[in-house]
Amino acid sequence: MSSKAQSSNNLAHARRTVQQLRIEASIERIKVSKASADLMNYCSEHARNDPLLMGIPASDNPFKDKKPCNIL
Amino acid sequence: MNNSQVEWGAAEDAAPYGAAASPGCRSPPPLLLLFFLLLHLKTGGASSPCDVMTAASAVSSEVQPNETLTHLKTESDTLKTKLEEERAKLHDVELHQVAEKVDGLGQFIMKTRRTLKGHGNKVLCMDWCKDKRRIVSSSQDGKVIVWDAFTTNKEHAVTMPCTWVMACAYAPSGCAVACGGLDNKCSVYPLSLDKNENLAAKKKSVAMHTNYLSACSFTNSDMQILTSSGDGTCALWDVESGQLLQSFHGHAADVLCLDLAPSETGNTFVSGGCDKKANVWDMRSGQCIQSFETHESDINSVRYYPSGDAFASGSDDATCRLYDLRADREVAIYSKESIIFGVSSVDFSLSGRLLFGGYNDYTINVWDVLKGTRVSILFGHENRVSTLRVSPDGTAFCTGSWDHTLRV
């Protein structure tokens with residue numbers, strides 16, 4: 001009795017796996033060269049706006065400790 | 001060939017299990033043709049693919065379970081090898097080869113600007129608020145604290161009824177935080193400006209899993225939360241009603257992390273688990289769209305590339321890998337012989353050029369995403385780095401560690 005339940009379980013599982021693989025196999029893919037080129041373009045486009053990449057002047061850095069001004 | 005294409009379309013509609021119709025299949029993929037051939041031979045005379053599809057489900061329920069099982073097994077193996085072949089066909093060049101024309105990055109000097117002390121035990125998770133200055137963090141002692149990163153003041157503190165709060169997230173509006181852990185639930189606490197208000201009283205329990213909560217994240221609004229759990233599933237919940245909107249099954253083991261796609265690219269998210277797989281899901285249908293299994297150990301962290309076309313993952317096998325969604329394969333591995341400790345957390349800089357990885361050997365490695373080389377290594381924590389997030393405006397990143405502190 002339990003073996004039958006197990007085999008039907010395995011069956012359902014196998015069927016799901018096949019279903020999943022079928023879906024995955026049918027998706028559209030592009031070449032790695034095109035995908036890499038797109039990634040590179042994105043990087044260069046946004047590099048100017050990236051503070052961690054470009055560094056920001058100390059006056060704009062909200063985390064830099066501001067030294068107290070001494071007014072004589 | 002034309003005839004079979006037309007019938008193909010019809011077959012897709014008739015398919016009883018509602019497989020998502022592949023967008024514009026101009027020519028039937030060879031592996032599916034193979035399947036049809038096999039089934040054609042088996043059923044002995046189904047005249048069209050349409051009949052074969054419906055016959056397939058009928059046949060498998062009638063025939064002996066053993067027979068169908070082995071048949072399905074061989075079919076899945078065939079599909080898997082075909083999948084690998086298809087992926088390999090498009091692998092014409094490596095990312096770092098294409099990136100050779102790009103300028104190299106100079107030396108980076110990143111310093112710890114703030115150290116947030118206050119947790120009594122290991123910091124397990126943290127998240128930034130959209131206002132770029134507030135941070136919520138959770139720790140093993142059950143405390144969830146909201147900090148102001150500029151002033152290092154603690155704004156709110158909540159004690160959860162459980163220990164090991166492994167997940168916390170800030171709502172997009174900045175008015176609530178969600179957290180969860182060993183209590184198997186995700187609770188949302190609305191944050192009020194009134195300091196005397198008892199936050200714990202306003203708690204709303206949103207998600208219920210059958211095992212620990214490993215990660216949670218608000219979707220674009222305050223109204224929905226996505227959670228992942230040790231029970232191997234991810235789930236989408238409505239905050240107001242606590243109702244389960246969608247559940248995602250497919251991981252064979254605990255799901256450790258998840259990340260939502262950046263809003264321009266739609267309703268998908270990626271999850272990584274102990275079964276070494278990273279799965280990309282469609283939030284509306286609950287279907288797993290893509291799956292990647294190249295890591296050699298548990299995937300601890302996944303993060304989408306800023307453009308949404310790729311994602312990075314960090315794993316206990318000491319490597320970070322970049323997967324491109326449109327090319328459907330792994331395109332880069334970030335590893336070094338000298339790095340043997342697992343990666344607990346990864347995040348990209350704003351432009352996506354830098355990948356930060358928090359490692360279990362107490363360091364943070366900064367990688368050049370395009371060239372695949374390590375740019376910098378940062379020291380400072382006295383125990384393993386458990387969580388790492390770049391701020392929304394990209395000016396800083398925060399790390400949380402088992403040494404009870406957070407550093408910005």
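Me: Before we start, what kind of model is it?
Reply: It's a predicted model.

Me: OK, chain A then. How many helices and strands does it have?
Reply: Chain A has 3 helices and 0 strands. Read from the N terminus, the order is α-α-α.

Me: And how much of chain A is buried?
Reply: Buried residues account for 36% of the 72 residues in chain A. Chain A exposes about 4,800 Å², and 55% of that comes from carbon and sulfur atoms.

Me: Which of them gives the most?
Reply: That would be α1(A), with 10 residues.

Me: What's the lining like by class?
Reply: There are 16 polar, 12 charged and 11 nonpolar residues in the lining of the second largest pocket.

Me: Where does B:Ala318 sit?
Reply: In chain B, in the loop between β19 (310-315) and β20 (320-324). B:Ala318 counts as buried because its relative accessibility is 5%, and the cut-off for buried is under 20%.

Me: And where is B:Asp328?
Reply: In the loop between β20 and β21 of chain B. B:Asp328 is at 1% relative accessibility, so it counts as buried.

Me: Now salt bridges. How many over all chains?
Reply: The structure holds 16. Take B:Arg389 and B:Asp127, whose closest N and O atoms are 3.0 Å apart. That pair links distant parts of the chain, 262 residues apart. B:Arg389 is in strand β26 (residues 385-390) and B:Asp127 in strand β2 (residues 123-128), both of chain B.

Me: Is B:Asp127 buried or exposed?
Reply: Buried, at a relative accessible area of 9%. B:Arg389 is partly exposed, at 22%.

Me: What about B:Glu296, which residue does its side chain meet in a salt bridge?
Reply: B:Arg321, at 3.9 Å from N to O. B:Glu296 is in the loop between β17 and β18 (299-304) of chain B, while B:Arg321 is in strand β20, 25 residues apart. B:Glu296 is exposed, with a relative accessible area of 60%, whereas B:Arg321 is buried at 5%.

Me: Which residue does B:Arg353 pair with?
Reply: B:Asp368, with the closest N and O atoms 2.8 Å apart. B:Arg353 lies in the loop between β22 (343-348) and β23 (354-359) of chain B and B:Asp368 in strand β24 (residues 364-368), so the pair ties together parts 15 residues apart in sequence. B:Arg353 is buried, with a relative accessible area of 7%, and B:Asp368 is buried at 2%.

Me: Last one: which residues do salt bridges that share partners join into one network?
Reply: A:Lys34, A:Asp38, B:Asp309 and B:Arg326.

Terms used. Residues numbered from 1 in each chain as written. Chains lettered and ligands numbered in written order. Predicted model: local features only at pLDDT ≥ 70, side-chain atom pairs only at ≥ 80, totals over all residues. Heavy atoms only, no water. Helix = DSSP H or I, 4+ residues; strand = E, 2+ residues; numbered from the N terminus. Buried < 20%, exposed > 50% of the residue type's maximum accessible area, 1.4 Å probe, protein only. Areas by Shrake-Rupley, 256 points an atom, 1.4 Å probe, with all protein chains shown as cover. Nonpolar A, V, L, I, M, F, W, Y, C, P; charged D, E, K, R; others polar. Salt bridge = Lys/Arg side-chain N within 4 Å of Asp/Glu carboxyl O.
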